[in-house]
Amino acid sequence: MPLQLVDAVLHFLSSYARSFAVIFFTVAALFFSVLAVAQTEEPEQLNADGYLARILNDSPDEVADALKRAEMLYLDGKLPASANPIAIVLHGPEVEIFFKDKYDEYKNIVDLAARLSAFGVVDVRVCETQTGILGRSRSSIHPFIGTVPFGPTEVKRLLNQQSYVYF
């Protein structure tokens with residue numbers, strides 16, 4: 001009988017320990033997830049010479065979201081007055097947003113980008129390499145849009161040499 005009692009207690013404790021471990025790791029994962037999300041809500045203010053929009057999915061919606069976020073930061077007064085414009089470097093198929101003949105299709109995005117560029121909030125640049133792949137030249141892009149020879153290299157330069165951070 002005493003061995004059965006010891007076995008039952010050990011089984012209970014091991015079940016409890018497993019449950020505790022699952023709860024602990026779940027809480028830890030949630031904490032770090034919240035921390036990661038909180039860090040992307042506002043631009044990092046310390047030691048940043050500028051901010052760079054993170055465009056991962058190469059979609060017009062993602063570009064529109066980045067522009068809207070920049071606008072909200074500007075309107076809420078959360079961008080330091082001395083900060084450089086937020087860099088938006090496009091190097092995928094989304095560069096077509098800024099082709100002049102696509103204006104009707106992307107009017108809302110282009111107009112928002114033009115307005116934010118005029119206010120000095122954003123600096124939108126498209127990749128010349130991707131523009132060429134799409135069979136276009138610099139003259140097919142709206143004049144307020146800048147170009148860079150190769151977008152991924154420009155992103156690395158801004159992050160590594162110019163001390164920009166993602167916003």
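In this predicted model, Glu 96 is partly exposed, with a relative accessible area of 25%, and its side chain meets that of Lys 102 in a salt bridge whose N to O distance is 3.6 Å.

**Salt bridges**

- Lys 102, the partner of Glu 96, counts as partly exposed at 23% relative accessibility, a value that lies between the 20% under which a residue is buried and the 50% over which a residue is exposed.
- Side chains of opposite charge can pair when their charged atoms come close.
- Glu 71 forms a salt bridge with Arg 115, and the closest N and O atoms of this pair are 3.4 Å apart.
- Because Glu 71 lies in helix 2 and Arg 115 in helix 3, their pairing ties together parts that are 44 residues apart in sequence.
- Arg 115 counts as partly exposed, with a relative accessibility of 38%.

- Arg 125 has its place in strand 3, which covers residues 122–127, and it counts as buried because its relative accessibility is 12%, under the 20% limit.
- The side chains of Arg 125 and Asp 123 meet in a salt bridge at 2.8 Å, N to O, and the two side chains are also listed as making a polar contact at 2.8 Å.
- Asp 123, for its part, counts as partly exposed at 27% relative accessibility.
- Salt bridges that share partners join Asp 123, Arg 125, Glu 154 and Arg 157 into one network.
- A polar contact of 2.4 Å links the side chain of Arg 125 to the side chain of Glu 154.
- When residues up to four places away in sequence are not counted, Arg 125 touches Ala 87, Ile 88, Val 89, Leu 90, Ile 145, Gly 146, Thr 147, Val 148, Glu 154, Arg 157 and Leu 158.

**Nonpolar cores**

- The largest nonpolar core holds 31 residues, of which Leu 67, Leu 90, Phe 98 and Val 122 touch the most other members.
- Helix 2 (60–75), strand 2 (86–90), helix 3 (103–118) and strand 3 are the elements that give two or more residues to this core.
- Phe 98 touches, among residues beyond four places away in sequence, Leu 90, Ile 109, Val 110, Ala 113, Val 124, Val 126, Ser 140, Ile 141, His 142, Phe 144 and Ile 145.
- A second, separate core consists of seven residues, including Leu 52, Ala 87, Val 155 and Leu 158; of these, Ala 87 and Leu 158 are also among the residues that Arg 125 touches.

**Helix 2 and the surface**

- Arg 69 is found in helix 2, where it is partly exposed, with a relative accessible area of 25%.
- The C-alpha atoms of Arg 69 and Ala 53 are separated by 9.5 Å, and the two residues are 16 residues apart along the chain.
- Leu 75 also lies in helix 2, and it counts as exposed because its relative accessibility is 57%, over the 50% limit.
- Together with Met 72, Tyr 74 and Phe 119, Leu 75 makes a nonpolar surface patch of about 430 Å².

Technical notes. Residues numbered from 1 in each chain as written. Predicted model: local features only at pLDDT ≥ 70, side-chain atom pairs only at ≥ 80, totals over all residues. Heavy atoms only, no water. Helix = DSSP H or I, 4+ residues; strand = E, 2+ residues; numbered from the N terminus. Buried < 20%, exposed > 50% of the residue type's maximum accessible area, 1.4 Å probe, protein only. Polar contact = N/O pair within 3.5 Å; in protein donor to acceptor, adjacent residues only side chain to side chain. Contact = heavy atoms within 4.5 Å. Core = buried A, V, L, I, M, F, W, Y, C linked by side-chain atoms within 4.5 Å. Salt bridge = Lys/Arg side-chain N within 4 Å of Asp/Glu carboxyl O. Patch = residues over 30% accessible without salt bridge, like charges linked within 9 Å, V, L, I, M, F, W, Y side chains within 5 Å. Areas by Shrake-Rupley, 256 points an atom, 1.4 Å probe, with all protein chains shown as cover.
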